[in-house]
Number of protein chains: 2
Amino acid sequence: MLINGKPGLTLAGNDRGFHYGDGVFETIRVIRSKPVLWDYHDRRLTQACGRLRIPLDRNLLAEEMHGFLEESPAEGVLKIIVSRGPGGRGYKPPVTPEVTRVLQFHSLPEQNPLKRQKGIAVIFCRQTLGSNKTLAGIKHLNRLDQVLASMELVEGIDEGLMLSEQGMVVEATRSNLFAALEGSLITPDLSLAGVNGIMREYLMDCFQANGETVKVQSLRPQELCKASEIFLCNSVFGVWPVTKLLGQNRVHEFSLGLFCTKALYFQDQVF
Amino acid sequence: MLINGKPGLTLAGNDRGFHYGDGVFETIRVIRSKPVLWDYHDRRLTQACGRLRIPLDRNLLAEEMHGFLEESPAEGVLKIIVSRGPGGRGYKPPVTPEVTRVLQFHSLPEQNPLKRQKGIAVIFCRQTLGSNKTLAGIKHLNRLDQVLASMELVEGIDEGLMLSEQGMVVEATRSNLFAALEGSLITPDLSLAGVNGIMREYLMDCFQANGETVKVQSLRPQELCKASEIFLCNSVFGVWPVTKLLGQNRVHEFSLGLFCTKALYFQDQVF
């Protein structure tokens, strides 16, 4: 772990990341010592820090990251956390925050090739996503919704779909969702809740560059159950076809379709 | 600072409080080395840990707190933070978490007696409170809404009122709200957003024990502007009358009324 450029294992007890979740993070796949889709991650991180008005020195962070990756295993997962740093008691931030930069390297979670070939089973989580216009989209450190939802995942269920307070499908606990409905590729709107995932953004760019329209819109659970294909994506596992959806009082089955096959192809370009 | 019963200044870099805001806290006024309204704080802390399924050892925490207060100044503010403790990468918590208990002592913020006598000026914040049924009421560590709202407070403005995503008045950035409307005492409903403040709960109990009904209901900004009195409360400053509300394109003025005078009297019973 690298904390503000120095190897370390501990954080200041008064860090605002700990007290208020006052910060943002990125989780990045590392392949051959390179951070996959770094440009996308860098852009989202910058945008998120801007939204929260955290004065991150991007160049310093990038420099620390490159040094850190040289000394880490060639394959794995890099987690970057940026918090507003130490602060006294009280919500109001210091006028000139001393930003905390944390870099952590994790081994890649076990990759089961069957998930790619046969797809995964998902549920609808009971835990909903709070709606919050200012925070929607960015990957901030206020993640209790995801923590509580992930506790609903049991053996054999790889992901859980999360609904907004308004009852719309938004994303899964740690991944974004795409669905094919009446021949169109759809991904839920994230303007009120959800994380603007990097793999989602990359896939949208690929589909669009390939002449395919991706509709960003609201999606009801009942509509999703009628989809011809569903797949999930994130920066670590890439793309997972969904072949079973347990919900609405029955099991819905889906097959691996053309959109998902293309998404897997796009994933393979960077993984 | 006492961390898990030992004096210390640092936290494990993999604490889930830092990574996800996965925890809860209490801010308690200390007078003559006693934690004011401890029974109320203890009850809310226990309820919050229950809601998040954090297995806190209450007796151990209470024991640590009493020892810590003996060695701290007699007057000030005690902050208790309880997080789900260290965890690997990923939202899903460990099956048996090693809960982190942090105790911090802060000096009392400067008390300006004029605020009690002449009241304070408040604004309506642009930052709204996200709505989230599961998290509403408890004092968890996901506090970005309050952090962002508190950045709107400028010199001369002591607090900012926060609206829900639905446009209702819920609370202020670090305090709860009461208002008198057509002779009735009202405090906003907190079932979708807001913190169930200890001073609010204590005052409600006092008013009710005194034969006074407190209505818990939704409150629109326009209604609030027509109130005959408004006051805010929290565990540290107690009760602040609001005499100026900047909003809805003009300044609304309020005088210190009978309900607020009673609230100040109830506050004085414990402060």
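**Salt bridges in a predicted model**

Reply: Let's start in chain B of this predicted model: Glu26(B) and Arg44(B) form a salt bridge, and their closest N and O atoms are 2.7 Å apart.

Me: Where do Glu26(B) and Arg44(B) lie in chain B?

Reply: Glu26(B) lies in strand β4 (residues 23-31) and Arg44(B) in helix α2 (residues 38-52), so the pair ties together parts that are 18 residues apart in sequence.

Me: And are Glu26(B) and Arg44(B) buried or exposed?

Reply: Both Glu26(B) and Arg44(B) are buried.

Me: OK, what about Arg116(B), which residue does its side chain meet in a salt bridge?

Reply: That's Asp268(B), at 2.7 Å from N to O. Arg116(B) is in helix α4 (residues 113-118) and Asp268(B) in helix α8 (residues 258-270), so this bridge links parts of chain B that are 152 residues apart in sequence.

Me: How accessible is Arg116(B)?

Reply: Arg116(B) has a relative accessible area of 33%, so it counts as partly exposed. Asp268(B) is partly exposed too, with 35%.

Me: Switching to chain A: what does Arg84(A) pair with?

Reply: The side chain of Arg84(A) forms a salt bridge with that of Asp22(A), 2.7 Å from N to O. Arg84(A) lies in the loop between β6 (76-83) and β7 (100-106), and Asp22(A) in the loop between α1 (16-20) and β4 (23-31), so parts 62 residues apart in sequence are tied together.

Me: Is Arg84(A) buried or exposed?

Reply: Buried, at 0% relative accessibility. Asp22(A) is also buried, with a relative accessible area of 0%.

Me: Which residues are in a network with Arg84(A)?

Reply: Arg16(A) and Asp22(A) join Arg84(A) in one network, through salt bridges that share partners.

Me: How many salt bridges are there over all chains?

Reply: A search of the whole structure finds 22.

Methods
Residues numbered from 1 in each chain as written. Chains lettered and ligands numbered in written order. Predicted model: local features only at pLDDT ≥ 70, side-chain atom pairs only at ≥ 80, totals over all residues. Heavy atoms only, no water. Salt bridge = Lys/Arg side-chain N within 4 Å of Asp/Glu carboxyl O. Helix = DSSP H or I, 4+ residues; strand = E, 2+ residues; numbered from the N terminus. Buried < 20%, exposed > 50% of the residue type's maximum accessible area, 1.4 Å probe, protein only.
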